[in-house]
Amino acid sequence: MQPALTVFFMLLFVLLCFLGSLANGFIVLMMSREWLRRGRLSPSNTILLCLGVSRFSQQCFGPVYIFNYFLHPVEFTKSLTRQIICLHSDFMNSATFWFSTWLSVLFCIKIANFSHPTFLWMKWRLPSLVPWLLLGSVLISFVVTLLFFWGNHNLYQEFLIRQVSGNMSHREWNRRLETDYFMPLKLVTMSLPCSLFLVSILLLMNSLRRHIRRMQHSAHNVQDPSAQAHTRALKLLISFLVLYAMSFVSLVIDATVFIPSDSPWYWPWQIILYLCMSVHPFILILSNLKLRGVFRKLLLLARGFRVT
């Protein structure tokens, strides 16, 4: 890739991370402000706060790893700093996937209408279980991080001691490390939250379909408040589904296809990896009435300062 194009993608990545940090920081600030004012948060806002914190943390530490690996690939791979940042990244990736999943499940339980006793029990109990679900997500992420660290540490020590027996290059060693251990581990640990996320969307779609059919049979307007609530939630979840699926697939591909720092696809690939956590907070802000109102006021205020 030409140097000018590399610089362009690098600046685009920095801009993406900057905007994502602003959006996630805004969500964290607003939720923290509400928590301090009222002394408590609603279940959905609690998940929003945790999701915003995890993504903001990812976008602060992630670029440090990416730029260090780009500038000093061999030295950084052998450093203790890489081990620490990878530990943080593995934990935050797992926690973010779980927080996002519980947010979609809560939307589904809150809006969907089913008469099954199990669903009614979940509709009644789930909001009060949110703190425990978040705590369980943190514990699962901690265990996943230990598994990643164990495999990374063992293979890393083998690489340092044997120097890969002189028969394997640095690139081949990274590919082997990713495909033999981390790729299956990522598939197993991410499949469960992804499955729950898909189930929540399918249930919401089925609920909307049944509600519209019921309204048609009773000669009521299809665009009643319940149908509109279903549609808004479904649009939000489907837009998130695209980003969620892109993030999941990109992480799996990242574990199977090693892209070195000198590859022309290095920076475009980093942009794809960070796209979900940078774009999705803006979708959450625009879909939340209170966040959207404050965000619009801040934009008008910034525009007023620019005019003056």
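Which side chains meet in a salt bridge? The side chains of R38 and E34 do, at 3.7 Å from N to O. The points below place this pair in its setting and then turn to other features of the model.

1. Basis of the note. This is a predicted model, in which local features need pLDDT of at least 70 and side-chain atom pairs count only at pLDDT 80 or more, while totals for chains, interfaces and linings use all residues. Residues are numbered from 1 along each chain as its sequence is written, and side-chain values use heavy atoms, with hydrogens and water left out.

2. Overall fold. Helices (H or I, at least four residues) and strands (E, at least two) are DSSP runs, numbered from the N terminus. Of the 308 residues of the chain, 44% count as buried. Buried means under 20% relative accessible area, exposed means over 50%, and partly exposed lies in between (1.4 Å probe, protein chains only).

3. The salt bridge. A search of the whole structure finds one salt bridge, defined as a side-chain nitrogen of Lys or Arg within 4 Å of a carboxyl oxygen of Asp or Glu. R38 and E34 are four residues apart in helix α1 and are therefore separated by about one helical turn. R38 is exposed, with a relative accessible area of 58%, whereas E34 counts as buried at 11% relative accessibility.

4. A nonpolar patch. L5, F8, L12, L15, F18, L19 and L22 make a nonpolar surface patch of about 630 Å². Patches are made of residues with over 30% relative accessible area and no salt bridge, with like charges joined within 9 Å and nonpolar side chains (Val, Leu, Ile, Met, Phe, Trp, Tyr) within 5 Å. The areas come from the Shrake-Rupley method with a 1.4 Å probe, and for residues only the protein chains shown count as cover. L22 belongs to helix α1 (residues 3-38) and is partly exposed, at a relative accessible area of 47%.

5. Cysteines. The search of the whole structure finds zero disulfides, a disulfide being a pair of cysteine sulfur atoms within 2.5 Å. C108 counts as buried at 1% relative accessibility, and C194 counts as buried at 10%.

6. The second largest pocket. This pocket has a volume of about 260 Å³. Its lining comprises 15 residues, of which W102, V105, I109, M122 and L196 lie nearest the centre. The elements giving two or more residues to the lining are α4 (80-111), α5 (117-162) and α6 (170-217); α5 gives the most, with seven residues. On a 1 Å grid over the protein atoms alone, a pocket is an open set of points with protein on both sides within 12 Å along at least five of seven lines, whereas a cavity is a set where a 1.4 Å probe fits but cannot get out; lining residues have an atom within 4 Å of a point. Grid points are joined across faces, edges and corners, and a volume is the space filled by probe spheres set on the points.

7. S247, in helix α7 (residues 225-256), counts as buried at 12% relative accessibility. R292 lies in helix α10 (residues 289-307) and is partly exposed, at 26%. From R292 to F282 the C-alpha distance is 9.3 Å, and the two are 10 residues apart in sequence.
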